[in-house]
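The following account leads through a protein model, beginning with a single side chain and its surroundings and then turning to the chain as a whole.

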Amino acid sequence: MNKTTLIDFLNEGVNEVVAFAYASPAEAFYFKPAENVWSAAENVQHLSQSVQPLNRLFGRPKTYFLEKWGPAAHPSRSYEEVVGAYHAALNGRQGAAGAFAPLTPTPDAVALASEFKQDYLSLIAHLSEWDEQALEEHVIPHPLMGPLTVREMLLFTAYHIRHHHQIMVSRVNLAPQF
């Protein structure tokens, strides 16, 4: 997927999540079907927390990536291959841990969705500073999948948004009718 298509794909996923957050009744958006199951709001919070380290990385010079992790050892895989690698790396694990476990989200769904959108617009703005070759040559380590090219990390990020959007829809649909 080229950079222009990737930006469009990221924007599309972000806009779907924001529209869903705005359209969902607050009671349903914050509904937790069980104590250890994330609400739709917590899924949005998790997505924001997941992209913030990427934004910090993309704020650094490209030389940082090469000095820290070296050049890419393989060409970028396709979206489908990255998604498959992620599912293989999950190996039955459920939920994120540590810095990626959602903090208590703000009780204002509009503010939460706005913060989420701003986090991803920052990522997309950083992406505009990268050319096609740099997306292939630089590496970012993923907590489960190990070293990914920058393009692969962005493909994963686009999938991650869609994956959690699907979960959000199922959570809201489980909520009692208020």
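In this predicted model, His 142 touches Tyr 86, Leu 148, Met 153 and Phe 156, once its neighbours within four places in sequence are set aside. The residue belongs to strand E1, which covers residues 139–142. Is His 142 buried or exposed? Its relative accessible area is 9%, and His 142 is therefore buried, since the cut-off for that class is under 20%. A polar atom of the His 142 side chain also lies 3.1 Å from the backbone nitrogen of Met 145.

The wider architecture can now be considered. Eight helices and two strands make up the secondary structure of the protein chain. Their order along the sequence is α-α-α-α-α-α-α-β-β-α. The protein chain is as compact as a globular protein of its length, because its radius of gyration of 17 Å is close to the 16 Å that the globule rule gives for 178 residues. The C-alpha trace spans about 55 × 30 × 25 Å along its principal axes.

Among contacts in the protein chain with a separation of 6 or more, 81% are between residues 24 or more positions apart. Of the 178 residues, 47% count as buried.

The surface and the charges remain. The protein chain exposes about 8,900 Å², of which carbon and sulfur atoms supply 55%. There are 12 positive and 18 negative side chains in the protein chain, and 5 Å separates the centres of the two sets.

Key: Residues are numbered from 1 along each chain as its sequence is written. This is a predicted model: local features need pLDDT of at least 70, side-chain atom pairs count only at pLDDT 80 or more; totals for chains, interfaces and linings use all residues. Side-chain values use heavy atoms; hydrogens and water are left out. Helices (H or I, at least four residues) and strands (E, at least two) are DSSP runs, numbered from the N terminus. The radius of gyration is taken over C-alpha atoms; the globule rule is 2.2 Å times the number of residues to the power 0.38. Buried means under 20% relative accessible area, exposed over 50%, partly exposed in between (1.4 Å probe, protein chains only). Contact means heavy atoms within 4.5 Å. Accessible areas come from the Shrake-Rupley method with a 1.4 Å probe; for residues, only the protein chains shown count as cover. Lys and Arg count as positive and Asp and Glu as negative; His and the chain ends are not counted. The place of a charge is taken as NZ of Lys, CZ of Arg, CG of Asp or CD of Glu. A polar contact is a pair of N or O atoms within 3.5 Å; within protein, one must be able to donate a hydrogen and the other to accept it, and residues adjacent in sequence count only if both atoms are side-chain atoms.
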